[in-house]
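Open the structure in your viewer and keep the selection tool at hand. We will walk through it stop by stop, and each stop tells you what to select and what is there.

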Amino acid sequence: MPMTEMSDPSARSGGRLHLYDTQTRSIKALEPMDGKTYRFYCCGPTVYGPAHIGNFRTFLLQDVMRRVLELGGMKTRHVRNITDVDDKTIRDSQQAGKTLKEFTDYWYERLKKDAGSLNCLDPHMEPGAVAHIPEQIDLIRSLIEKGHAYSTEDGSVYYDVSSWADYGKLSRLKDRQITTDSSPSTAQGGNRSDSDEYEARDSLADFALWKARKPEDGDNWWDSPWGQGRPGWHTECSAMSAKYLGKSFDLHSGGVDLIFPHHENEIAQSESCHCVTFAGHWFHIEHLMVDGGKMSKSLGNLYTVEDLEKRGFTPMEVRYVLISGHYRQQLNFTLDSLKAARQALAKISRFNQVLKAVAGAGVPDAWKTVVKKRIEPGGWHFFGAAWDSLLDDLNTPRALGDVFSAIRKVEKSMAAGELSQEQILAAATELGHVLGALGLVLPEPEPVNAPEDIRQLADRRWELRVAKDWEQSDKLRDELKEKGWHVMDGREGYQLVPLPGTVTGE
Ligand code: AMP
Ligand code: ZN
(Lines give C-alpha, C1' and ligand atoms only; values in the text may rest on other atoms or scores of the structure.)
(Ligands and ions follow the chains in the order given, each with its own letter.)
Protein backbone atom coordinates (compact mmCIF):
# COMPACT_ATOMS: atom_id res chain seq x y z
CA MET A 1 0.00 0.00 0.00
CA PRO A 2 2.16 2.91 -1.18
CA MET A 3 1.53 5.96 1.00
CA THR A 4 0.83 8.20 -1.97
CA GLU A 5 -2.10 6.04 -3.08
CA MET A 6 -4.06 6.65 0.09
CA SER A 7 -6.53 9.49 -0.23
CA ASP A 8 -6.67 12.13 2.45
CA PRO A 9 -10.33 13.02 3.07
CA SER A 10 -9.45 15.61 5.71
CA ALA A 11 -7.87 17.70 2.96
CA ARG A 12 -11.39 18.06 1.51
CA SER A 13 -12.87 19.61 4.65
CA GLY A 14 -9.92 21.98 4.79
CA GLY A 15 -9.12 20.42 8.12
CA ARG A 16 -11.92 22.37 9.80
CA LEU A 17 -14.52 21.05 12.20
CA HIS A 18 -18.12 21.47 11.05
CA LEU A 19 -20.97 21.19 13.56
CA TYR A 20 -24.75 21.47 13.59
CA ASP A 21 -25.97 24.78 14.98
CA THR A 22 -29.33 24.64 16.81
CA GLN A 23 -29.97 28.33 16.11
CA THR A 24 -29.74 28.25 12.31
CA ARG A 25 -30.47 24.53 12.02
CA SER A 26 -27.54 24.10 9.69
CA ILE A 27 -24.04 22.68 9.71
CA LYS A 28 -21.42 25.39 10.06
CA ALA A 29 -17.63 25.49 10.11
CA LEU A 30 -16.15 26.49 13.45
CA GLU A 31 -13.95 29.56 13.07
CA PRO A 32 -12.91 31.96 15.83
CA MET A 33 -14.70 35.27 15.34
CA ASP A 34 -11.61 37.18 16.52
CA GLY A 35 -9.39 35.17 14.13
CA LYS A 36 -7.30 33.93 17.07
CA THR A 37 -8.98 31.96 19.84
CA TYR A 38 -12.14 29.85 19.72
CA ARG A 39 -14.07 30.94 22.82
CA PHE A 40 -16.81 28.67 24.09
CA TYR A 41 -19.05 28.33 27.13
CA CYS A 42 -20.52 25.10 28.47
CA CYS A 43 -23.28 25.09 31.06
CA GLY A 44 -21.80 23.09 33.88
CA PRO A 45 -23.20 20.97 36.66
CA THR A 46 -25.22 21.85 39.71
CA VAL A 47 -22.97 20.54 42.46
CA TYR A 48 -25.38 18.87 44.88
CA GLY A 49 -24.47 15.24 44.22
CA PRO A 50 -22.22 13.21 41.94
CA ALA A 51 -22.53 13.96 38.24
CA HIS A 52 -24.15 10.98 36.49
CA ILE A 53 -22.90 9.52 33.26
CA GLY A 54 -25.66 11.39 31.38
CA ASN A 55 -24.07 14.65 32.46
CA PHE A 56 -20.73 13.22 31.39
CA ARG A 57 -22.04 12.35 27.95
CA THR A 58 -22.49 16.07 27.43
CA PHE A 59 -19.14 17.03 28.98
CA LEU A 60 -17.32 14.34 26.99
CA LEU A 61 -18.71 15.44 23.63
CA GLN A 62 -17.68 18.99 24.49
CA ASP A 63 -14.25 17.61 25.37
CA VAL A 64 -13.96 15.81 22.02
CA MET A 65 -15.01 18.99 20.22
CA ARG A 66 -12.25 20.92 21.99
CA ARG A 67 -9.65 18.23 21.28
CA VAL A 68 -10.54 18.23 17.58
CA LEU A 69 -10.25 22.01 17.43
CA GLU A 70 -6.90 22.00 19.20
CA LEU A 71 -5.52 19.14 17.16
CA GLY A 72 -6.58 21.12 14.10
CA GLY A 73 -4.27 23.87 15.31
CA MET A 74 -6.80 26.20 16.91
CA LYS A 75 -6.32 27.93 20.22
CA THR A 76 -9.37 27.58 22.48
CA ARG A 77 -10.77 29.16 25.61
CA HIS A 78 -13.16 26.81 27.37
CA VAL A 79 -15.32 28.11 30.22
CA ARG A 80 -17.65 25.85 32.18
CA ASN A 81 -19.62 27.23 35.10
CA ILE A 82 -20.42 25.59 38.39
CA THR A 83 -23.91 26.18 39.76
CA ASP A 84 -23.24 26.34 43.49
CA VAL A 85 -26.40 28.08 44.64
CA ASP A 86 -29.99 27.15 43.77
CA ASP A 87 -32.98 25.51 45.43
CA LYS A 88 -31.39 22.03 45.35
CA THR A 89 -27.94 22.96 46.68
CA ILE A 90 -29.51 24.97 49.51
CA ARG A 91 -32.02 22.25 50.41
CA ASP A 92 -29.51 19.38 50.36
CA SER A 93 -26.74 21.26 52.18
CA GLN A 94 -29.18 21.94 54.99
CA GLN A 95 -30.22 18.29 55.10
CA ALA A 96 -26.54 17.31 55.26
CA GLY A 97 -25.96 19.78 58.11
CA LYS A 98 -23.24 21.59 56.16
CA THR A 99 -22.75 25.14 55.00
CA LEU A 100 -23.54 25.70 51.33
CA LYS A 101 -19.82 26.18 50.62
CA GLU A 102 -18.70 23.02 52.45
CA PHE A 103 -21.37 21.05 50.65
CA THR A 104 -20.79 22.35 47.12
CA ASP A 105 -16.98 22.24 47.51
CA TYR A 106 -17.26 18.56 48.34
CA TRP A 107 -19.29 17.76 45.23
CA TYR A 108 -17.10 19.97 43.08
CA GLU A 109 -14.03 17.95 44.14
CA ARG A 110 -15.88 14.77 43.28
CA LEU A 111 -16.72 16.18 39.85
CA LYS A 112 -13.03 16.96 39.24
CA LYS A 113 -12.07 13.45 40.23
CA ASP A 114 -14.62 11.78 37.94
CA ALA A 115 -13.89 14.14 35.04
CA GLY A 116 -10.16 13.44 35.47
CA SER A 117 -10.65 9.69 35.44
CA LEU A 118 -12.68 10.03 32.22
CA ASN A 119 -9.75 11.98 30.72
CA CYS A 120 -11.69 15.23 30.29
CA LEU A 121 -9.45 18.23 29.74
CA ASP A 122 -9.89 20.80 32.52
CA PRO A 123 -11.80 23.85 31.28
CA HIS A 124 -9.58 26.94 31.22
CA MET A 125 -11.98 28.63 33.65
CA GLU A 126 -14.58 27.14 36.02
CA PRO A 127 -16.34 30.10 37.60
CA GLY A 128 -18.96 29.52 40.29
CA ALA A 129 -22.19 31.49 40.75
CA VAL A 130 -21.57 32.42 44.40
CA ALA A 131 -18.24 34.08 43.60
CA HIS A 132 -19.95 36.25 40.96
CA ILE A 133 -22.87 37.85 42.80
CA PRO A 134 -21.71 41.47 42.05
CA GLU A 135 -21.47 40.71 38.31
CA GLN A 136 -24.99 39.27 38.38
CA ILE A 137 -26.35 42.28 40.25
CA ASP A 138 -24.76 44.58 37.63
CA LEU A 139 -26.43 42.64 34.84
CA ILE A 140 -29.84 42.79 36.53
CA ARG A 141 -29.47 46.52 37.22
CA SER A 142 -28.67 47.14 33.60
CA LEU A 143 -31.69 45.09 32.43
CA ILE A 144 -33.99 47.12 34.68
CA GLU A 145 -32.52 50.38 33.35
CA LYS A 146 -33.12 49.23 29.78
CA GLY A 147 -36.73 48.31 30.50
CA HIS A 148 -36.36 44.53 30.22
CA ALA A 149 -36.79 43.66 33.89
CA TYR A 150 -38.87 44.81 36.82
CA SER A 151 -38.81 44.34 40.57
CA THR A 152 -41.78 43.12 42.57
CA GLU A 153 -43.03 44.10 46.00
CA ASP A 154 -41.32 41.22 47.76
CA GLY A 155 -37.90 42.35 46.43
CA SER A 156 -37.59 39.85 43.56
CA VAL A 157 -36.68 40.87 40.01
CA TYR A 158 -38.17 39.30 36.88
CA TYR A 159 -37.22 39.42 33.22
CA ASP A 160 -40.14 40.70 31.15
CA VAL A 161 -40.25 38.29 28.20
CA SER A 162 -42.72 40.52 26.35
CA SER A 163 -40.05 43.23 26.20
CA TRP A 164 -37.80 41.19 23.94
CA ALA A 165 -39.20 40.48 20.49
CA ASP A 166 -36.63 37.78 19.79
CA TYR A 167 -37.62 35.74 22.84
CA GLY A 168 -37.94 32.12 21.74
CA LYS A 169 -35.73 32.36 18.65
CA LEU A 170 -33.47 29.46 19.63
CA SER A 171 -36.22 26.98 20.51
CA ARG A 172 -38.55 28.43 17.84
CA LEU A 173 -41.38 28.92 20.31
CA LYS A 174 -43.42 30.77 17.71
CA ASP A 175 -43.23 27.85 15.27
CA ARG A 176 -44.76 25.73 17.97
CA GLN A 177 -47.68 28.18 18.19
CA ILE A 178 -47.13 28.86 21.80
CA THR A 179 -49.19 31.87 22.71
CA THR A 180 -48.81 34.55 25.28
CA ASP A 181 -52.55 34.54 26.06
CA SER A 182 -52.05 33.91 29.71
CA SER A 183 -49.10 36.28 29.76
CA PRO A 184 -50.48 39.64 28.63
CA SER A 185 -47.85 41.37 26.54
CA THR A 186 -48.40 44.63 28.34
CA ALA A 187 -48.24 43.16 31.74
CA GLN A 188 -45.29 43.03 33.95
CA GLY A 189 -46.04 40.04 35.99
CA GLY A 190 -48.95 38.59 34.00
CA ASN A 191 -47.47 35.13 34.15
CA ARG A 192 -44.37 34.51 36.14
CA SER A 193 -42.23 31.64 37.23
CA ASP A 194 -39.64 31.69 39.93
CA SER A 195 -38.84 28.04 39.35
CA ASP A 196 -35.59 27.73 37.43
CA GLU A 197 -36.70 24.66 35.58
CA TYR A 198 -40.17 25.34 34.24
CA GLU A 199 -41.14 23.55 31.07
CA ALA A 200 -42.28 24.98 27.76
CA ARG A 201 -45.99 24.55 28.43
CA ASP A 202 -48.68 26.60 26.77
CA SER A 203 -47.55 30.00 27.78
CA LEU A 204 -44.49 32.07 28.24
CA ALA A 205 -43.46 33.13 31.67
CA ASP A 206 -41.40 35.99 33.00
CA PHE A 207 -38.51 34.41 34.84
CA ALA A 208 -36.70 35.32 38.03
CA LEU A 209 -33.38 37.17 37.75
CA TRP A 210 -33.23 37.78 41.51
CA LYS A 211 -35.16 35.85 44.14
CA ALA A 212 -36.14 37.61 47.36
CA ARG A 213 -34.91 35.94 50.54
CA LYS A 214 -37.19 33.24 51.94
CA PRO A 215 -36.99 31.68 55.43
CA GLU A 216 -35.97 28.32 53.94
CA ASP A 217 -32.89 29.92 52.34
CA GLY A 218 -31.23 29.99 55.77
CA ASP A 219 -27.91 31.88 55.65
CA ASN A 220 -27.76 31.80 51.89
CA TRP A 221 -28.64 35.33 50.90
CA TRP A 222 -26.84 38.42 49.64
CA ASP A 223 -27.59 42.15 49.73
CA SER A 224 -28.76 43.80 46.54
CA PRO A 225 -30.42 47.08 45.49
CA TRP A 226 -33.75 45.16 45.69
CA GLY A 227 -33.18 43.72 49.10
CA GLN A 228 -31.71 40.49 50.41
CA GLY A 229 -31.90 37.44 48.21
CA ARG A 230 -30.04 35.39 45.64
CA PRO A 231 -29.74 35.25 41.87
CA GLY A 232 -32.01 33.10 39.71
CA TRP A 233 -30.31 30.21 37.93
CA HIS A 234 -30.24 31.75 34.44
CA THR A 235 -28.52 34.93 35.57
CA GLU A 236 -25.11 33.39 36.32
CA CYS A 237 -24.33 32.15 32.80
CA SER A 238 -24.99 35.53 31.16
CA ALA A 239 -22.90 37.34 33.78
CA MET A 240 -19.97 34.91 33.81
CA SER A 241 -19.75 34.31 30.07
CA ALA A 242 -19.54 38.08 29.50
CA LYS A 243 -16.81 38.36 32.11
CA TYR A 244 -14.62 35.50 30.86
CA LEU A 245 -15.40 35.31 27.14
CA GLY A 246 -16.79 38.73 26.24
CA LYS A 247 -20.27 39.91 25.33
CA SER A 248 -20.16 37.98 22.07
CA PHE A 249 -18.33 34.69 21.74
CA ASP A 250 -18.05 31.71 19.40
CA LEU A 251 -20.09 28.83 20.79
CA HIS A 252 -22.40 27.93 23.64
CA SER A 253 -23.20 24.36 24.63
CA GLY A 254 -25.18 22.07 26.89
CA GLY A 255 -27.55 19.11 26.86
CA VAL A 256 -30.78 19.46 24.84
CA ASP A 257 -32.83 19.96 28.00
CA LEU A 258 -31.20 23.38 28.33
CA ILE A 259 -32.48 24.76 25.02
CA PHE A 260 -35.65 25.86 26.75
CA PRO A 261 -35.90 27.69 29.02
CA HIS A 262 -32.28 28.07 30.15
CA HIS A 263 -30.54 29.00 26.91
CA GLU A 264 -33.50 30.98 25.67
CA ASN A 265 -33.38 33.00 28.87
CA GLU A 266 -29.61 33.46 28.65
CA ILE A 267 -30.00 34.85 25.11
CA ALA A 268 -32.73 37.25 26.21
CA GLN A 269 -30.69 38.50 29.19
CA SER A 270 -27.43 38.90 27.30
CA GLU A 271 -28.66 40.25 23.98
CA SER A 272 -31.11 42.73 25.45
CA CYS A 273 -28.41 43.95 27.82
CA HIS A 274 -25.42 44.10 25.45
CA CYS A 275 -27.15 44.57 22.07
CA VAL A 276 -24.80 42.14 20.30
CA THR A 277 -25.21 38.51 19.24
CA PHE A 278 -24.60 36.40 22.34
CA ALA A 279 -23.19 33.18 20.87
CA GLY A 280 -22.34 32.52 17.23
CA HIS A 281 -23.09 28.81 17.41
CA TRP A 282 -25.29 26.60 19.63
CA PHE A 283 -24.05 23.06 20.19
CA HIS A 284 -26.58 20.78 21.97
CA ILE A 285 -26.07 17.18 22.94
CA GLU A 286 -28.94 14.68 23.03
CA HIS A 287 -29.62 12.74 26.19
CA LEU A 288 -28.17 9.53 27.46
CA MET A 289 -31.05 7.15 28.12
CA VAL A 290 -31.30 3.98 30.17
CA ASP A 291 -33.62 1.21 29.07
CA GLY A 292 -35.33 3.67 26.78
CA GLY A 293 -36.05 6.25 29.49
CA LYS A 294 -34.22 9.35 30.65
CA MET A 295 -31.58 8.74 33.30
CA SER A 296 -32.85 10.33 36.47
CA LYS A 297 -32.56 10.09 40.22
CA SER A 298 -36.27 9.46 40.77
CA LEU A 299 -36.37 6.46 38.41
CA GLY A 300 -33.34 4.95 40.19
CA ASN A 301 -31.61 4.27 36.88
CA LEU A 302 -28.80 6.71 37.43
CA TYR A 303 -25.20 5.54 37.15
CA THR A 304 -22.09 7.37 38.29
CA VAL A 305 -18.51 6.60 37.27
CA GLU A 306 -18.00 5.17 40.76
CA ASP A 307 -21.03 2.84 40.45
CA LEU A 308 -19.62 1.42 37.24
CA GLU A 309 -16.12 1.05 38.67
CA LYS A 310 -17.65 -0.98 41.51
CA ARG A 311 -19.12 -3.27 38.85
CA GLY A 312 -15.62 -3.78 37.48
CA PHE A 313 -15.59 -1.36 34.53
CA THR A 314 -12.87 1.20 33.92
CA PRO A 315 -13.57 4.91 33.34
CA MET A 316 -12.02 4.53 29.88
CA GLU A 317 -14.63 1.91 29.00
CA VAL A 318 -17.28 4.36 30.18
CA ARG A 319 -15.73 7.09 28.02
CA TYR A 320 -15.72 4.79 25.01
CA VAL A 321 -19.42 4.03 25.40
CA LEU A 322 -20.43 7.64 25.98
CA ILE A 323 -18.68 8.87 22.84
CA SER A 324 -19.79 5.90 20.74
CA GLY A 325 -23.10 7.50 19.73
CA HIS A 326 -23.65 10.57 17.58
CA TYR A 327 -24.32 13.63 19.72
CA ARG A 328 -27.49 14.47 17.79
CA GLN A 329 -29.11 11.17 18.68
CA GLN A 330 -30.15 9.78 22.02
CA LEU A 331 -27.87 7.03 23.23
CA ASN A 332 -29.26 4.07 25.13
CA PHE A 333 -26.88 2.94 27.85
CA THR A 334 -26.48 -0.74 28.74
CA LEU A 335 -23.93 -2.64 30.77
CA ASP A 336 -23.36 -4.87 27.73
CA SER A 337 -22.11 -1.86 25.80
CA LEU A 338 -19.35 -1.53 28.41
CA LYS A 339 -18.29 -5.11 27.77
CA ALA A 340 -18.13 -4.39 24.03
CA ALA A 341 -16.07 -1.27 24.78
CA ARG A 342 -13.58 -3.40 26.72
CA GLN A 343 -13.08 -5.65 23.71
CA ALA A 344 -12.77 -2.73 21.32
CA LEU A 345 -10.14 -1.00 23.47
CA ALA A 346 -8.22 -4.25 23.87
CA LYS A 347 -8.18 -4.72 20.10
CA ILE A 348 -6.86 -1.21 19.44
CA SER A 349 -4.32 -1.63 22.21
CA ARG A 350 -3.00 -4.88 20.75
CA PHE A 351 -2.71 -3.30 17.31
CA ASN A 352 -0.98 -0.27 18.71
CA GLN A 353 1.49 -2.53 20.47
CA VAL A 354 2.33 -4.23 17.19
CA LEU A 355 2.88 -0.89 15.47
CA LYS A 356 5.11 0.29 18.27
CA ALA A 357 7.01 -2.95 18.34
CA VAL A 358 7.71 -2.86 14.63
CA ALA A 359 8.23 0.88 14.19
CA GLY A 360 10.61 1.01 17.13
CA ALA A 361 11.43 3.63 19.70
CA GLY A 362 10.30 6.64 17.66
CA VAL A 363 6.58 6.23 18.44
CA PRO A 364 5.24 8.29 21.31
CA ASP A 365 1.99 7.46 23.04
CA ALA A 366 0.55 10.33 21.07
CA TRP A 367 -2.85 10.42 22.74
CA LYS A 368 -1.15 11.41 25.97
CA THR A 369 0.40 14.50 24.40
CA VAL A 370 -2.70 15.40 22.47
CA VAL A 371 -2.24 19.08 21.80
CA LYS A 372 1.35 18.77 20.62
CA LYS A 373 0.69 16.16 17.99
CA ARG A 374 -0.69 17.67 14.80
CA ILE A 375 -1.16 16.29 11.34
CA GLU A 376 -1.67 18.90 8.65
CA PRO A 377 -4.47 18.47 6.07
CA GLY A 378 -2.93 16.45 3.29
CA GLY A 379 -0.72 14.58 5.72
CA TRP A 380 -2.96 11.59 6.36
CA HIS A 381 -2.28 8.17 4.87
CA PHE A 382 -4.08 5.55 6.96
CA PHE A 383 -6.49 7.02 9.50
CA GLY A 384 -7.65 10.05 7.50
CA ALA A 385 -11.22 8.75 7.21
CA ALA A 386 -11.55 8.65 11.01
CA TRP A 387 -10.25 12.20 11.34
CA ASP A 388 -12.59 13.35 8.59
CA SER A 389 -15.57 11.75 10.36
CA LEU A 390 -14.74 13.82 13.40
CA LEU A 391 -14.54 16.99 11.32
CA ASP A 392 -17.88 16.06 9.74
CA ASP A 393 -20.31 17.06 12.50
CA LEU A 394 -18.28 15.29 15.18
CA ASN A 395 -19.34 11.88 13.94
CA THR A 396 -17.71 9.87 16.71
CA PRO A 397 -19.43 6.53 15.94
CA ARG A 398 -18.31 6.69 12.32
CA ALA A 399 -14.81 7.69 13.42
CA LEU A 400 -14.59 4.62 15.65
CA GLY A 401 -15.79 2.43 12.77
CA ASP A 402 -13.17 4.03 10.51
CA VAL A 403 -10.47 3.26 13.08
CA PHE A 404 -11.31 -0.43 12.91
CA SER A 405 -11.48 -0.42 9.11
CA ALA A 406 -8.05 1.22 8.96
CA ILE A 407 -6.68 -1.29 11.47
CA ARG A 408 -7.89 -4.17 9.30
CA LYS A 409 -6.30 -2.64 6.19
CA VAL A 410 -2.98 -1.90 7.85
CA GLU A 411 -2.85 -5.37 9.39
CA LYS A 412 -3.47 -6.92 6.00
CA SER A 413 -0.75 -4.86 4.35
CA MET A 414 1.67 -5.61 7.17
CA ALA A 415 0.95 -9.33 6.93
CA ALA A 416 1.68 -9.15 3.20
CA GLY A 417 4.96 -7.35 3.99
CA GLU A 418 3.83 -4.31 2.01
CA LEU A 419 4.55 -1.60 4.54
CA SER A 420 7.89 0.05 5.13
CA GLN A 421 9.16 0.97 8.57
CA GLU A 422 8.39 4.60 7.77
CA GLN A 423 4.80 3.79 6.84
CA ILE A 424 4.27 1.82 10.02
CA LEU A 425 5.59 4.75 12.00
CA ALA A 426 3.13 7.03 10.13
CA ALA A 427 0.25 4.66 10.93
CA ALA A 428 1.21 4.68 14.62
CA THR A 429 1.36 8.47 14.70
CA GLU A 430 -2.00 8.82 12.95
CA LEU A 431 -3.67 6.34 15.25
CA GLY A 432 -2.31 8.28 18.22
CA HIS A 433 -3.70 11.49 16.75
CA VAL A 434 -7.22 10.05 16.33
CA LEU A 435 -7.15 8.53 19.82
CA GLY A 436 -5.98 11.89 21.15
CA ALA A 437 -8.98 13.57 19.51
CA LEU A 438 -11.31 11.00 21.06
CA GLY A 439 -9.48 11.28 24.38
CA LEU A 440 -9.05 7.51 24.58
CA VAL A 441 -6.14 6.20 26.62
CA LEU A 442 -5.42 2.58 25.77
CA PRO A 443 -5.20 -0.13 28.42
CA GLU A 444 -2.03 -2.18 28.69
CA PRO A 445 -2.25 -4.94 26.09
CA GLU A 446 -2.85 -8.41 27.43
CA PRO A 447 0.16 -10.70 26.96
CA VAL A 448 -0.34 -13.24 24.16
CA ASN A 449 0.37 -16.94 24.53
CA ALA A 450 2.99 -18.00 22.02
CA PRO A 451 3.39 -21.61 20.89
CA GLU A 452 5.94 -23.70 22.80
CA ASP A 453 8.65 -23.68 20.06
CA ILE A 454 8.48 -19.89 19.79
CA ARG A 455 8.80 -19.48 23.55
CA GLN A 456 11.81 -21.78 23.66
CA LEU A 457 13.48 -19.81 20.90
CA ALA A 458 12.73 -16.53 22.65
CA ASP A 459 14.05 -17.88 25.98
CA ARG A 460 17.29 -18.90 24.32
CA ARG A 461 17.60 -15.48 22.73
CA TRP A 462 17.05 -13.79 26.11
CA GLU A 463 19.84 -15.87 27.68
CA LEU A 464 22.18 -14.89 24.85
CA ARG A 465 21.25 -11.29 25.32
CA VAL A 466 21.89 -11.42 29.06
CA ALA A 467 25.28 -12.96 28.24
CA LYS A 468 25.83 -10.00 25.90
CA ASP A 469 26.20 -12.26 22.87
CA TRP A 470 24.62 -9.67 20.61
CA GLU A 471 25.39 -11.36 17.35
CA GLN A 472 23.71 -14.64 18.23
CA SER A 473 20.79 -12.98 20.00
CA ASP A 474 20.13 -10.78 16.93
CA LYS A 475 20.15 -13.85 14.77
CA LEU A 476 17.44 -15.45 16.87
CA ARG A 477 15.49 -12.17 16.84
CA ASP A 478 15.45 -12.35 13.02
CA GLU A 479 14.44 -15.99 13.15
CA LEU A 480 11.52 -15.15 15.43
CA LYS A 481 10.49 -12.34 13.10
CA GLU A 482 10.42 -14.71 10.18
CA LYS A 483 8.13 -16.95 12.19
CA GLY A 484 5.82 -13.97 12.78
CA TRP A 485 6.83 -12.85 16.27
CA HIS A 486 8.39 -9.61 17.41
CA VAL A 487 10.36 -9.53 20.66
CA MET A 488 10.11 -6.47 22.88
CA ASP A 489 12.78 -6.35 25.56
CA GLY A 490 12.14 -4.92 29.01
CA ARG A 491 14.47 -4.72 32.00
CA GLU A 492 13.23 -7.88 33.63
CA GLY A 493 12.39 -9.92 30.57
CA TYR A 494 10.87 -9.89 27.12
CA GLN A 495 7.42 -9.88 25.61
CA LEU A 496 6.39 -11.60 22.41
CA VAL A 497 4.13 -9.65 20.06
CA PRO A 498 2.46 -11.54 17.21
CA LEU A 499 2.78 -9.75 13.87
CA PRO A 500 -0.41 -9.41 11.80
CA GLY A 501 -1.35 -12.70 10.21
CA THR A 502 0.49 -14.82 12.78
CA VAL A 503 -1.35 -17.76 14.28
CA THR A 504 -1.06 -17.47 18.06
CA GLY A 505 -1.26 -20.18 20.66
CA GLU A 506 -4.54 -18.78 22.08
P1 AMP B 1 -27.21 19.70 35.40
O2 AMP B 1 -26.22 19.43 36.51
O3 AMP B 1 -28.48 18.95 35.53
O4 AMP B 1 -27.42 21.19 35.20
O5 AMP B 1 -26.58 19.16 34.05
C6 AMP B 1 -25.29 19.43 33.57
C7 AMP B 1 -25.22 19.14 32.09
O8 AMP B 1 -25.57 17.78 31.81
C9 AMP B 1 -26.21 19.99 31.27
O10 AMP B 1 -25.57 20.39 30.06
C11 AMP B 1 -27.34 19.03 30.99
O12 AMP B 1 -28.03 19.38 29.82
C13 AMP B 1 -26.60 17.73 30.82
N14 AMP B 1 -27.43 16.52 31.05
C15 AMP B 1 -28.29 16.27 32.06
N16 AMP B 1 -28.86 15.04 31.94
C17 AMP B 1 -28.33 14.49 30.81
C18 AMP B 1 -28.50 13.22 30.13
N19 AMP B 1 -29.31 12.26 30.59
N20 AMP B 1 -27.78 13.04 28.98
C21 AMP B 1 -26.95 13.98 28.50
N22 AMP B 1 -26.74 15.18 29.10
C23 AMP B 1 -27.43 15.45 30.24
ZN1 ZN C 1 -26.05 28.12 31.46
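Start by selecting Phe-56, which is buried because its relative accessibility is 0% (buried means under 20% relative accessible area, exposed over 50%, and partly exposed in between, with a 1.4 Å probe and protein chains only). Helices (H or I, at least four residues) and strands (E, at least two) are DSSP runs, numbered from the N terminus.

Before moving on, a word on what you are viewing: this is a predicted model, where local features need pLDDT of at least 70 and side-chain atom pairs count only at pLDDT 80 or more, while totals for chains, interfaces and linings use all residues. Residues are numbered from 1 along each chain as its sequence is written, chains are lettered from A and ligands numbered from 1 in the order in which they are written, and side-chain values use heavy atoms, with hydrogens and water left out.

How many aromatic pairs does a search of the whole structure find? There are twelve. The one you have selected, Phe-56 with Phe-59, is edge-to-face, because the ring centres are 5.8 Å apart and the planes stand at 85°. For such pairs, rings of Phe, Tyr and Trp (its six-membered ring) must have centres within 6.5 Å; planes under 30 degrees apart are stacked, over 60 edge-to-face, and the rest tilted.

Next, select Tyr-159 and Phe-207, both of them buried. Their ring centres lie 5.2 Å apart with planes at 10°, so this pair is stacked. It links distant parts of the chain, 48 residues apart: Tyr-159 belongs to strand 6 (residues 157-159) and Phe-207 to strand 8 (residues 206-212). Then highlight Tyr-41, Phe-249, Phe-278 and Trp-282, which make up one aromatic cluster.

Now go to His-284, in strand 11 (residues 282-285). Is this residue buried or exposed? His-284 is buried, with a relative accessible area of 6%. Show the side chains around it: that of Thr-22 makes a polar contact of 2.7 Å with His-284, and that of His-263 makes one of 2.8 Å. A polar contact is a pair of N or O atoms within 3.5 Å; within protein, one must be able to donate a hydrogen and the other to accept it, and residues adjacent in sequence count only if both atoms are side-chain atoms. Setting aside neighbours within four places in sequence, His-284 is in contact (heavy atoms within 4.5 Å) with residues including Leu-170, Val-256, Ile-259 and Tyr-327.

For the last stop, select Ser-324, in the loop between helix 8 and strand 14 (331-333). At 28% relative accessibility, Ser-324 is partly exposed. Its side chain reaches the backbone oxygen of Val-321 at 2.6 Å. Which residues does Ser-324 contact, leaving aside neighbours within four places in sequence? They are Pro-397 and Leu-400. Finally, pick the C-alpha atoms of Ser-324 and Thr-396: they are 6.0 Å apart in space, although the two residues are 72 apart in sequence.
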